[in-house]
Structure formats: C-alpha cells, structure tokens
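Visitor: I am new to this kind of picture and would like to learn how to read it. Could you take me through a few features slowly?

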Amino acid sequence: MHRLEVLRFSENEQQTLSKFIVFDDYNCELAQGFILELPNKNNQTSISRINEGEYDCVKRNSEKYKDHFHVLDVPERSYILIHVGNYHTDTRGCLLPGDSLVDINKDGLKDVVNSGNTMKILNRILPKEFKLIIKNQIL
C-alpha cells in the first residue's frame, strides 16, 4: 500500500515542521517535501497537531479545499485533512504540504511554499486510499 511518511523535525509555540516522503507499494520513493502543522498541545481540537502514529487516509473533495485528503479515525478529533495552506494560521489541526520552507510573510516563522502545486502532485501519485505514518524526530 502507498504511504505518506511525515517526519517531524522542529517545533515551537506556533507550529511544527516536518519532512514528508511518499512511497509506492514497492517501497520506492515517489516524492518528498515539507509539512506544516500546529504545535503539540496534547491533541486538543483546533489548537494542536494530531498525535504521532499510523492512520488511514482517503481522497476527498470539497468546495472549500477542492481535491485533498481526509485522515481517518484520529482519536478524539474529526475532519483532520491534508490541504493547501502556507501558514500556521491556515490550519486548525490539519497538515499543510509544500515543496520548501521560507518565511514568506517575514514573521520569523518558516512557512510552506508551493502548497497548491504540491497538493496537485500528491493527488496525482497517491491512490484513493493510503497510509499516513507520522513520526516525531524532534530532539
């Protein structure tokens, strides 16, 4: 089964930064980039990232986010998505992908760049259902 691995490497009071890698059914790397999430606030709704672990994901479409992904069965949370966004203020617990990290708005925090393009790539290479594996590697 295809999988999206998210390796968290940095966090502060506002956000968490991660690297992502997409693997196919044969464990071959298909793509990589970065993920921006909220900080760790004990999985609290709307103010925290989700917990480390393994989740099932499915493709989804909505008026607001167009083609994106739904992270299923997150304990004590609902509608955790992987969708387009650049800043920690663009999420209430979801994962925002991009191809690099830059302080776009000059607030001293790294933002994800080219999120729309990155989502197009993810939508092209990930199947209807896949695994999301999140690992904390923050020192």
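**Reading side-chain pairs**

Guide: Let us begin with Arg3, which is buried because its relative accessible area is 17%, where buried means under 20% relative accessible area, exposed over 50% and partly exposed in between, with a 1.4 Å probe and protein chains only. This is a predicted model, in which local features need pLDDT of at least 70 and side-chain atom pairs count only at pLDDT 80 or more, while totals for chains, interfaces and linings use all residues. Residues are numbered from 1 along each chain as its sequence is written, and side-chain values use heavy atoms, with hydrogens and water left out.

Visitor: Which side chain does Glu5 meet in a salt bridge?

Guide: Side chains of opposite charge can pair when their charged atoms come close. A salt bridge is a side-chain nitrogen of Lys or Arg within 4 Å of a carboxyl oxygen of Asp or Glu. The structure holds six salt bridges, and in one of them Glu5 meets Arg3 at 2.6 Å, N to O. Glu5 is buried, with a relative accessible area of 11%, and a network of salt bridges links Arg3, Glu5 and Lys135. The charged end of Arg3 also sits over the ring of Phe23, 4.1 Å from its centre; the rule asks for NZ of Lys or CZ of Arg within 6 Å of the ring centre and within 35 degrees of the ring normal.

Visitor: Are Arg8 and Glu37 buried or exposed?

Guide: Arg8 is buried, at a relative accessible area of 0%, and Glu37 counts as buried at 0% relative accessibility. The two form a salt bridge whose closest N and O atoms are 2.9 Å apart. This pair links distant parts of the chain, with Arg8 in strand S1 and Glu37 in strand S3, 29 residues apart; strands (E, at least two residues) and helices (H or I, at least four) are DSSP runs, numbered from the N terminus.

Visitor: Which residue does Asp56 meet in a salt bridge?

Guide: The side chain of Asp56 meets that of Lys131 at 2.5 Å, N to O. Since Asp56 lies in strand S4 (residues 53-62) and Lys131 in strand S10, the pair ties together parts that are 75 residues apart in sequence. Asp56 counts as partly exposed at 33% relative accessibility, and Lys131 counts as partly exposed at 24%.

Visitor: How many aromatic pairs does the structure hold?

Guide: A pair of aromatic rings is described by the distance of the centres and the angle of the planes. Rings of Phe, Tyr and Trp (its six-membered ring) pair if their centres lie within 6.5 Å, and planes under 30 degrees apart count as stacked, over 60 as edge-to-face and the rest as tilted. The structure holds two aromatic pairs. The rings of Phe9 and Phe34 have centres 6.4 Å apart and planes at 75°, so this pair is edge-to-face. Because Phe9 lies in strand S1 and Phe34 in strand S3 (residues 29-37), the pair ties together parts that are 25 residues apart in sequence. Phe69 and Phe130 form an aromatic pair that is also edge-to-face, at 5.1 Å centre to centre and 90° between the planes. That pair links distant parts of the chain, with Phe69 in strand S5 (residues 66-71) and Phe130 in strand S10 (residues 129-136), 61 residues apart.

Visitor: Are Phe69 and Phe130 buried or exposed?

Guide: Both Phe69 and Phe130 are buried.
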